[in-house]
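Visitor: Could you walk me through this structure, one question at a time?

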Amino acid sequence: METGYQKYHDMKFTPLNIWLTELYEEISKDLSPPRPLPAETRDKRDKSKYCNYHKDHGHKTENCRSLQTEVQRMIDAGKLQEIHSMTRRASEDETRRKLRHLKEWYLTNHIDFVSGNGAEIRELGFTKIEFSEADMIGVYASHNDAIVITAWIGMFHVHRILVDTGSSVSVLFSGAYSSMNLPHDLIEEDENPIIGFSGEVTKAIGKVKIPITVADKSVLGNFTLLDCISPYNAIVGRDWLHEIGAFTSSYHQCLKFIAPEGVVKVRSD
């Protein structure tokens, strides 16, 4: 079962490696003043949402279409290359800092990934990722199973995580993130609807950046929060697979990626 969740946008914008709110702080002095929001909507706007670009209420800076359009114009004109390099380095430094703190927590709590669930195999010394009949040992054929793994998301050991190469986003479902009791200030607003495999549109509760760790390899995951019924606790999509450089084989019921000591094989649960 593959869901194929996709982000939906009316316009195409270049993906940013930092939040739009953070980018605004860097480029605010170089931006042209925005067109004021319509006066006739003043009394109808959501006063809990404030846009730093418009200096007015009604929507958040992160979701401001005018600001997104202005940023895209600067990108197209080649004016953001220097800022892009600076913000990328800052983002990478922040990611390393969060992952370092997380690994310190793992060590303090004596968490051993290798023996965590018995689903990981180290192919020591291997430098190429290959799938062979040897990977079929323990797999019942013929089958039509998806790849479902166990991983650490933040500080939680999460089972029933679907690895979905058809999904452009990673998802945390309500049962999982409710159990995590995520701090409210960790959750960002996400007004973009999610389109499922069968075409249904689901409104996201929000989005959150938290580390995901598989076989002691940690990256910062971008999860969309969905309040809907699912047989899974989470879905990891192409964004996560590309980040860790993983290749999947549903036939062999595993995924593999290269680590310093060789190839790591993660079996499906």
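**Cysteines and helices**

Visitor: How many disulfides does a search of the whole structure find?
Guide: A disulfide is a covalent bond between the sulfur atoms of two cysteines. Here it means a pair of cysteine sulfur atoms within 2.5 Å. Cys51 is in no disulfide, with the nearest cysteine sulfur, that of Cys64, 3.8 Å away. The search of the whole structure therefore ends at zero.

Visitor: What sort of model is this?
Guide: Residues are numbered from 1 along each chain as its sequence is written, and side-chain values use heavy atoms, leaving out hydrogens and water. Local features need pLDDT of at least 70, side-chain atom pairs count only at pLDDT 80 or more, and totals for chains, interfaces and linings use all residues, as this model is predicted.

Visitor: Is Cys51 buried or exposed?
Guide: Buried means under 20% relative accessible area, exposed over 50%, and partly exposed in between (1.4 Å probe, protein chains only). Cys51 has 0% relative accessibility, so Cys51 is buried.

Visitor: Where do the buried residues of helix 1 fall?
Guide: Helices are DSSP runs (H or I, at least four residues), numbered from the N terminus. In helix 1, residues 20-27, the buried ones are Leu20, Leu23, Tyr24 and Ile27. Down the axis they fall within an arc of 105° (directions from the helix axis to the C-beta atoms), so they line one face of the helix.

Visitor: Which residues of helix 2 make the contact with helix 1?
Guide: Contact means heavy atoms within 4.5 Å. Helix 1 brings Leu20, Leu23, Tyr24 and Ile27. From helix 2 come Leu67, Gln68, Val71 and Met74.

Conventions. Helices (H or I, at least four residues) and strands (E, at least two) are DSSP runs, numbered from the N terminus.
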